[in-house]
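Hi,

Here is the structure I promised to pass on. Have a look at it first, and then read my notes below.

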Amino acid sequence: MEKKVKNQNTRGAAGATPVRRRVEFTIDAGVGKSVSVAGSFNDWDPEAKPLVDRKGDGVYRGCLMLPPGEYEYKFVVDGDWRIDEANPCFASNDLGTLNSVLKVEAK
């Protein structure tokens with residue numbers, strides 16, 4: 001099973017900007033946390049994509065529009081880097097830990 005990717009084109013005309021897919025990141029981290037997602041899609045910047053707990057139930061969500069390809073990522077919860085436990089796809093990294101892997105399909 002791979003990380004869920006919703007298919008949604010931003011542009012599809014030949015020669016236009018490459019097609020991107022809407023990707024939703026979700027983590028149940030508990031109420032009152034600072035949560036973000038960092039990965040190869042944002043140069044591993046833990047401040048680039050904060051996630052939001054809109055319902056106040058401790059479930060944080062955020063979306064990115066990504067071109068097709070394979071990406072590695074982690075959630076950052078109060079400064080602690082965590083794999084996506086809902087995603088069974090992993091890869092080893094240079095730090096001797098694991099990164100979650102996301103594959104965004106072209107169609």
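This is a predicted model: local features need pLDDT of at least 70, side-chain atom pairs count only at pLDDT 80 or more; totals for chains, interfaces and linings use all residues.

As background, side chains with opposite charges can pair up when their charged atoms get close.

Start with Glu24 and Arg61, whose side chains form a salt bridge with an N to O distance of 3.7 Å. Glu24 sits in strand 2 and Arg61 in strand 4, so this pair links parts that are 37 residues apart in sequence. Are the two partners buried or exposed? Glu24 has a relative accessible area of 14%, so it counts as buried, because the cut-off is under 20%. Arg61, at 35%, is partly exposed.

Next come Arg82 and Asp80, with their closest N and O atoms 3.2 Å apart in a salt bridge. Arg82 is partly exposed at 31% relative accessibility, and Asp80 is partly exposed too, with a relative accessible area of 40%.

Another one to find is the salt bridge between Glu105 and Lys103, at 4.0 Å from N to O. Glu105 is partly exposed at 38% relative accessibility, and Lys103 also comes out at 38%, partly exposed.

**The nonpolar core**

Now for the inside. The largest nonpolar core is made of 17 residues. Which ones have the most contacts within it? They are Phe25, Ile27, Phe41, Leu51, Leu66 and Leu102. At least two core residues come from each of strand 2 (21–28), strand 3 (35–39), strand 4 (59–66), strand 5 (69–77) and strand 8 (98–104). Strand 5 contributes the most, with four residues.

If you skip its neighbours within four places in sequence, Ile27 is in contact with Val35, Leu51, Gly58, Val59, Tyr60, Phe75 and Val77.

**Two backbone angles to check**

Last stop: the loop between strand 3 and strand 4, where you will find Asp43 and Trp44. What is phi for Asp43? It is near 55°, which is a positive value in a residue other than glycine. Trp44 also has a positive phi, near 55°, and is likewise not a glycine.

Happy exploring!

Definitions and conventions:
Residues are numbered from 1 along each chain as its sequence is written. Side-chain values use heavy atoms; hydrogens and water are left out. A nonpolar core is a set of buried Ala, Val, Leu, Ile, Met, Phe, Trp, Tyr and Cys residues joined through side-chain atoms within 4.5 Å. Buried means under 20% relative accessible area, exposed over 50%, partly exposed in between (1.4 Å probe, protein chains only). Contact means heavy atoms within 4.5 Å.
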